[in-house]
Amino acid sequence: MATQCVSKVELSISCSHLIDKDVGSKSDPLCVLLQSVGDDKWTEIDRTEKVKNNQDPEFSKKLRLDYHFEQVQKLKLGIYDIDNKSVDLGDDDYLGGFECTLGQIVSSRKITRPLELKKGKPAGKGTITITAEEIKDNRCIVLEMEAKGLDKKDLFGKSDPFLEFFKKEDDGKWQLVHRTEVVKNNLNPSWRKFNVSLHTFCNGDLSKPIKVHCSDYDSDGSHDLIGVFETNVEALQKADHGSPVEFDCIHPEKQKKKKSYKNSGVVCVKTCKLEREYSFLDYIMGGCQVNFTVGVDFTGSNGDPRSPESLHYMSPDGLNQYLSAIWSVGLVVQDYDSDKLFPAFGFGAQVPPDFKVSHEFALNFNPSSPYCQGVQGIVEAYRMALPQVRLYGPTNFSPIINHVASFANSAAQEAKASQYYVLLIITDGEITDLDQTRQAIVNCSKLPMSIIIVGVGEADFKAMEFLDGDDGVLKSLTGEPVARDIVQFVPFRQFASAPKEALAQAVLAEVPSQVVSYFKMRKLNPVNPPEKTSK
């Protein structure tokens, strides 16, 4: 599963034309940030300072909160005129508020909206402007290391050296931050270039002590120390100007025993650079759109939609597993797509008017414009299509994957980080064209695209788990591996009794790292990169 550290976001708030509640002077506004905890309950996350006598305040205190792509984070910003010293806002005049999701704010980076006293009732001409920024040190250190004249540690050959880098924690302990690969049988090794986030490497502190161990690898785990040296990033950076930096590799025991001991070899920093590592939010705030497409399985194995046993059967509340999956995932993704027009397709059915089998038909039966307006539009198109098609077969995934891939391929030709495609396939898991689908996924792994598969019903889903590739790298029939991991599969039944948000959290958790991995693979920076590195 994703080991993403939580992103922290900082919101800057300003207002204009606030209504005036104070007689004889202007209002003294403050902004409070609330986050929904469900069932119309809200909890306070943060608040700004009070600005005295100002109808157009710009608050200096930023509002901080954790950001989760895979959740709909509903926020409410309230502006109050503070007339007393109590923390409770119940006795202060309400100057207006605004509700939205954090996804809406970060996908625009900056928004200005009218304030409302209550739903549909504007607070005079009052407006609020919210600007989002991610709080992080997004630098990484890139190092290229080699060594010369290392001590020979093996009886029957030269040493098998590797390096380990440690940072000194505040409690004085050394924590491992990077281990290189082992170079076999070589006393003058060159290690592969590597990069580590600067936060991991030295907590962003260029003068923090760093210790480097050079050891001889033994397969039984009893590695022999060749030597050690201490340094920091400032010293390593001196290698940035074309002349390598060299360190004596010292074995403490040998140094004690021998007066004439010089070193056990020299470790050399060939290059050291600090580079920026862009995050998912850098790409989103930099103008990247996430395009969402849905593919629905209308094959006969789902059962007759009129029968309560069918996976397509509409329960009296108008829902089934297919619709639940569309709602859950769609509500999160829609915030990242400015036009909210989502193509939606069905596959594996006989389609009117001539009832030929189709493996990618538009749910709205309009092939030239298969777009639905918002998640609600997809749901309506599905409900309209269901009674008009005949469930059939076979279950072919590759046509719809290739359909979305053709759009992702066009975006890839532009060579800028402006479009990414997420395809949601909802299926009962019986797949006929496994080999073609494997090939399609391998092709897509080189494109700005991720595939989410939600399995409905009670099948064993072995094939779906195979496509997810969690047990090993997915390969095409010809043996070509995926360029990066882009498929996430979850069985719906695991979420049958979970809160409705849980499904989206499971299937979308890996999308941010998949987006970053694609643009990194293509060496594409955000279209509008952040101006500065914030700490």
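Helices (H or I, at least four residues) and strands (E, at least two) are DSSP runs, numbered from the N terminus. The model is predicted: local features need pLDDT of at least 70, side-chain atom pairs count only at pLDDT 80 or more, and totals for chains, interfaces and linings use all residues. Residues are numbered from 1 along each chain as its sequence is written, and side-chain values use heavy atoms, with hydrogens and water left out.

**Stop 1: two cis bonds**

Select Pro394. Its place is the loop between strand S23 (390-391) and H8. A cis peptide bond links Gly393 to Pro394, with omega at about -5 degrees. Now go to Pro353, in the loop between strand S19 (349-351) and strand S20 (356-358). Pro352 and Pro353 are also joined by a cis peptide bond, with omega about 5 degrees.

**Stop 2: Asp40**

Select Asp40, in the loop between S2 and strand S3 (42-47). Asp40 is not a glycine, yet has a positive phi of about 60 degrees. Most residues other than glycine have a negative phi, and most peptide bonds are trans.

**Stop 3: H8 and H9**

Show helix H8 (residues 398-414) and helix H9 (residues 434-444). Their axes come within 9 Å and cross at roughly 15 degrees. Axes are lines fitted to C-alpha atoms, for helices over the stretch in contact, and angles run from 0 to 180 degrees between N-to-C directions. H8 and H9 are therefore roughly parallel to each other (angles under 35 degrees count as such). For the contact (heavy atoms within 4.5 Å), pick Ser398, Ile401, Asn402 and Ala405 of H8 and Gln436, Thr437, Ala440, Ile441 and Cys444 of H9.

**Stop 4: H6 and H11**

Move to H6 and H11. They pack at about 65 degrees, axes 8 Å apart. Their contact uses Ala325, Ser328, Val329, Val332 and Val333 of H6 and Leu503, Ala504, Val507 and Leu508 of H11.

**Stop 5: the second largest pocket**

Select Val72, Lys74, Leu331, Lys500 and Glu501. Of the 35 residues lining the second largest pocket, these lie nearest its centre. A pocket, on a 1 Å grid over the protein atoms alone, is an open set of points where a 1.4 Å probe fits, with protein on both sides within 12 Å along at least five of seven lines; lining residues have an atom within 4 Å of a point. The second largest pocket holds about 940 Å³ of space, a volume being the space filled by probe spheres set on the points, which are joined across faces, edges and corners. Finish on H6, which gives the largest share of this lining, five residues.

Terms used. Angles under 35 degrees count as roughly parallel, over 145 as roughly antiparallel, 65 to 115 as roughly perpendicular and the rest as oblique.
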